[in-house]
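Have the sequence and the 3D view open side by side, and let's take a walk through this one together.

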Amino acid sequence: MAPFAVRISDEGLAEIDGEPLVTDPGQSVHEAVLDRLQQYAEQRAVAVEATVTDGPGAAHFVLEVSPDGSSRLLDRPSTPAPAPAPAPAPPPAPAPASAVATAIARARAAATAPPAQAPRPLPSQLAGRIAHINALATAGRLAEASAEATALREGLTRSAGTEHPDALEARAMEAYLAHLRGDHREATVLALSVARILCGTGDPQAPAAVMRAAAAWQRLEEDRAVEIHGNELLHMWGRLHGDGRLGPADERLAQRVRDRLEALPAHV
């Protein structure tokens with residue numbers, strides 16, 4: 001599989017294979033790139049490579065990101081892609097740190113952190129179905145990919161239970177596909193259900209799951225849905241805050257949700 005092409009501008013903007021990347025509140029552009037590459041790796045159940053151009057005139061390098069979020073620089077030359085057509089420059093922003101430094105810092109943090117449980121190998125049949133869903137999505141056949149993901153999640157839920165990691169992963173895949181289809185209400189509902197389960201079981205990935213649900217929630221436009229799901233987000237953040245499991249980025253995003261809810265018209 002060809003590596004993804006990542007471009008990061010001096011203005012703090014990024015795109016992957018020509019698609020603009022939108023960062024979540026409190027998230028740097030480099031964190032957003034690494035998180036998106038991890039999503040691609042999770043969908044494929046295998047590490048992915050990306051040819052990165054970090055700012056005009058910067059060195060080009062190849063980055064490998066695994067499904068568990070670990071990343072490493074590959075010792076191989078990369079050929080920069082042709083420069084895109086000129087576009088109007090946005091207002092200048094503070095230049096972010098190099099993606100190389102970000103990747104190295106993440107690798108060092110992983111090296112000094114307590115040993116984590118090794119990723120579970122996926123059964124060949126499950127890995128094959130995930131690869132098929134990914135192929136459908138890549139081909140733009142999102143409705144078919146969503147139907148396959150739903151069938152996969154329903155089957156895993158019946159056989160292994162709602163809280164099984166594979167069933168949760170399939171549900172998260174459903175949420176992502178709903179986002180790609182532009183169905184942000186469904187994406188929010190599905191992402192919230194994953195976050196709710198992880199919060200209930202005390203899973204260490206719960207804060208990240210709530211943040212992903214919040215990213216989907218931010219795209220909602222109907223006030224009633226914004227209110228209902230926004231309050232659920234705050235409830236989950238409240239539980240995690242009580243357990244001392246929220247970082248500064250989580251707290252900032254929670255405040256943004258509060259601000260939006262307070263700005264809603266009365267009697268939503």
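Residues are numbered from 1 along each chain as its sequence is written, and side-chain values use heavy atoms, with hydrogens and water left out.

How confident is the predictor? The score to look at is pLDDT, the predictor's confidence in each residue, from 0 to 100. The chain averages a pLDDT of 76, and 75% of the residues score at least 70. Residues 77–119 are another story: pLDDT stays under 50 there, and the model has 42 contacts beyond four places in sequence for this stretch. A contact here means heavy atoms within 4.5 Å. Where pLDDT is low, the predicted coordinates should not be read in detail.

Now for the whole chain. Its secondary structure comes to 9 helices and 6 strands. These are DSSP runs, numbered from the N terminus: helices are H or I with at least four residues, and strands are E with at least two. Of the 268 residues in the chain, 38% are buried. Buried means under 20% relative accessible area, exposed means over 50%, and partly exposed is in between (1.4 Å probe, protein chains only). If you take the contacts with a separation of 6 or more, 57% of them come from residues 24 or more positions apart.

Let's zoom in on strand 1, residues 4–8. Why is it largely enclosed by the rest of the structure? Because 4 of the 5 residues of strand 1 are buried. Strands pair, by the way, if DSSP finds at least two bridges between them. Across this pairing, Arg 7 stands opposite Thr 53, and Ile 8 is opposite Asp 54. Strand 4 itself (residues 48–54) is mostly covered, with 6 of its 7 residues buried.

Strand 1 also pairs with strand 2, this time antiparallel, through 3 bridges. Leaving aside neighbours within four places in sequence, Ala 14 is in contact with Arg 7, Ile 8, Glu 19, Pro 20, Leu 21, Val 29 and Val 33. Ala 32 is 18 residues from Ala 14 along the chain, and their C-alpha atoms are separated by 8.9 Å.

Next stop, helix 1 (residues 29–44), where you'll find Arg 44. Buried or exposed? Arg 44 is buried, with a relative accessible area of 16%. Arg 44 and Ala 135 are 91 residues apart in sequence, but C-alpha to C-alpha they are 9.1 Å apart in space.

Further along, Ile 197 sits in helix 6 (residues 184–201). Ile 197 counts as buried because its relative accessibility is 16%. Not counting residues up to four places away in sequence, Ile 197 touches Thr 162, Glu 163 and Leu 168. With Leu 168, the C-alpha to C-alpha distance is 8.5 Å, across 29 residues of sequence.

Last come two packed helices. Two packed helices are described by the angle between their axes and the distance between the axes. Helix 8 (residues 223–242) and helix 9 (residues 248–262) pack at an angle of about 145 degrees, with axes 10 Å apart. The axes are lines fitted to C-alpha atoms, for helices over the stretch in contact, and angles run from 0 to 180 degrees between N-to-C directions. Among the residues making the contact are Leu 233, Leu 234 and Trp 237 of helix 8 and Leu 253, Ala 254 and Val 257 of helix 9.

One more residue in helix 9 is Arg 256. At 48% relative accessibility, Arg 256 counts as partly exposed. Arg 256 and Ala 214 are 42 residues apart in sequence and 10.0 Å apart in space, C-alpha to C-alpha.

Technical notes
This is a predicted model: local features need pLDDT of at least 70, side-chain atom pairs count only at pLDDT 80 or more; totals for chains, interfaces and linings use all residues.
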